[in-house]
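Good morning, and thank you for coming. Please look at the model on the screen while I go through its contacts and its domains.

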Amino acid sequence: MASLERLQRGLESAGQPHVLQFWPELSEEQRDAFLQELAQLDLQGLREHCEAAAKAAASPPACLDQHMEPLPPDSIGSVRKSDTKSLSRWEQEGLLQISESRVGVLLLAGGQGTRLGVQYPKGMYNVGLPSGKTLYQIQAERIHKIQEIADSKRGSKCTVPWYIMTSEFTLAPTEKFFEENNYFGLQPSNIIMFEQRMIPAVTFDGKVILQGKGKIAMAPDGNGSLYQALVDNEVLQDMKKRGVEYLHVYCVDNILVKMADPMFIGFCVSKGADCGAKVVEKAYPAEPVGVVCRVRGVSQVVEYSEIKPETTELRGPGDEFVYSAGNICNHFFTRTFLQDVTEKFKGQLKQHVAIKKVPFVDTCGNQVKPTKPNGIKMEKFVFDVFPFSRNFVVFEVVRADEFSPLKNADGAAKDSPTTARNSLLAQHCRWATSAGATLQDEHDNTFLPSASISAEDSTPAQFEISPLVSYFGEGLEHLLKGKTLTTPFILDEKRAKELQAQ
């Protein structure tokens with residue numbers, strides 16, 4: 001009882017006494033579960049969190065145009081613009097680091113697939129490829145292949161550990177999914193799952209939202225809670241023990257992600273960078289993506305809501321957009337930099353406002369599913385550590401080759417299962433035709449490769465290449481040159497052996 005009284009006092013001083021308004025109606029079991037949940041709340045910081053959320057939601061985003069400047073050219077590499085000698089050198093450097101087991105990958109997988117219309121983790125989603133592979137399987141197989149490539153180039157036996165940050169919602173189903181699928185052929189000891197913290201959702205007048213009579217509406221703290229999670233779960237100690245010096249961090253929903261991309265890793269290492277970002281050229285000036293640039297001389301991501309339309313239209317001497325470096329949540333960090341962030345900077349991370357529809361119980365105890373946004377979820381973003389970098393670099397890649405996120409259910413104009421599937425199949429068709437293959441449908445109509453990833457465009461050939469056969473289009477010519485293949489066709493390891501024998 002004493003602990004309940006202390007809790008009541010703590011909630012009152014935080015301005016949140018309503019949290020316990022249904023206490024008398026709860027069973028003993030419900031009370032125990034609720035007390036356990038409340039014990040994990042930072043009551044001292046709760047008032048500040050709620051007031052900051054309400055204030056931030058009421059404030060219009062700042063306009064940063066007058067303080068913005070493009071990144072300096074010497075900090076930028078590009079698949080399109082850098083010379084082939086440099087690209088090859090960076091790739092060899094990356095493969096060297098991978099072969100010596102100095103590179104790990106870290107997946108940000110705390111979100112559920114609610115926008116997709118599913119209640120399970122997004123990584124378990126099957127976009128409808130001929131193989132039926134999920135995002136998790138595709139990514140696991142890419143890790144397997146890049147280890148194999150590094151081993152064959154260097155005559156070594158290397159490991160690329162896979163760190164997976166989940167949330168309260170996604171940890172258990174993700175663990176079960178990996179177990180049921182035998183970890184997709186990877187060593188279970190090299191897959192390290194850990195959980196990010198959850199924080200309360202808040203009303204526009206700064207009150208914690210009750211999801212049930214004995215449950216607070218909690219939400220993941222955004223992917224920027226990575227830095228706290230690294231501390232909570234002793235992840236950096238694990239990296240140090242394994243000898244991991246460099247980390248490739250990415251989001252689960254990009255079907256085209258190059259796991260531990262040797263060229264990106266090599267570019268960042270060659271430049272002596274402690275922090276790096278992959279970017280794609282913006283598709284059009286007002287595209288709603290963050291822009292990587294400098295603000296008051298410091299590298300950061302500026303959200304599209306913080307830039308005036310006329311600034312997005314600015315062009316340079318070559319008629320290219322001045323602010324065209326679109327952020328795709330695909331980053332490089334040294335372990336030392338992450339250590340610095342966790343020790344010195346994580347408390348300085350910017351908070352971002354997300355206005356959401358949050359189910360709640362009203363004052364009469366009725367369950368309400370809101371039809372319009374009613375709550376604030378405060379989020380931190382993984383890229384908000386860029387300003388703390390001593391040597392920040394950017395690597396521009398081709399969107400059609402490396403970025404096709406899965407965010408919306410089918411029917412949406414972009415970022416849907418259809419666009420993700422078509423992106424991957426179109427890429428594989430380009431690889432096959434570049435290797436000298438001809439792809440035909442069952443009526444002998446020849447498919448031509450397309451660089452487009454729009455949902456409105458014609459469906460690419462149903463030709464899929466397993467990551468276990470090719471990581472990024474390499475090694476296909478001796479299998480496919482001069483071959484005419486009828487789709488649907490899945491080039492897996494078994495088919496590759498058959499083609500090789502022909």
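A salt bridge, as I use the term, is a side-chain nitrogen of Lys or Arg within 4 Å of a carboxyl oxygen of Asp or Glu. This is a predicted model, in which local features need pLDDT of at least 70 and side-chain atom pairs count only at pLDDT 80 or more, while totals for chains, interfaces and linings use all residues. Residues are numbered from 1 along each chain as its sequence is written, and side-chain values use heavy atoms, with hydrogens and water left out.

How many salt bridges does a search of the whole structure find? The search finds 26. Helices here are DSSP runs of H or I with at least four residues, strands are runs of E with at least two, and both are numbered from the N terminus.

Let me stay with helix α4, residues 84-99. Its axis and that of helix α9 (residues 262-270) come within 6 Å and cross at roughly 95°. That makes α4 roughly perpendicular to α9, since angles of 65 to 115 degrees count as such, under 35 as roughly parallel, over 145 as roughly antiparallel and the rest as oblique. The axes are lines fitted to C-alpha atoms, for helices over the stretch in contact, and angles run from 0 to 180 degrees between N-to-C directions.

Contact means heavy atoms within 4.5 Å. On the α4 side the residues include L87, W90 and L95, and on the α9 side they include M263, I265 and F267. This contact divides into nine nonpolar, four polar and two charged residues. Nonpolar covers Ala, Val, Leu, Ile, Met, Phe, Trp, Tyr, Cys and Pro; charged covers Asp, Glu, Lys and Arg; the others, Gly among them, are polar.

Helix α4 also packs with helix α5 (residues 135-154), at about 100° and with the axes 9 Å apart. These two helices are therefore roughly perpendicular as well. Their contact has six nonpolar, two polar and two charged residues.

I turn to the domains. The assignment gives domain 1 (65-401) and domain 2 (431-501), with bounds from an automatic or database domain assignment. Their centres, taken over C-alpha atoms, are 30 Å apart. In this interface, 19 residues of domain 1 are in contact with 13 residues of domain 2. The buried area, meaning the accessible area (1.4 Å probe) that two parts lose on being put together, summed over both, is about 1,400 Å², and carbon and sulfur atoms give 67% of it. P130, K145 and K258 supply 37% of the area that domain 1 buries against domain 2, more than any other three residues. Between the two domains, the count of salt bridges is zero.

Finally, a cis peptide bond joins T487 and P488, with omega about 5°.
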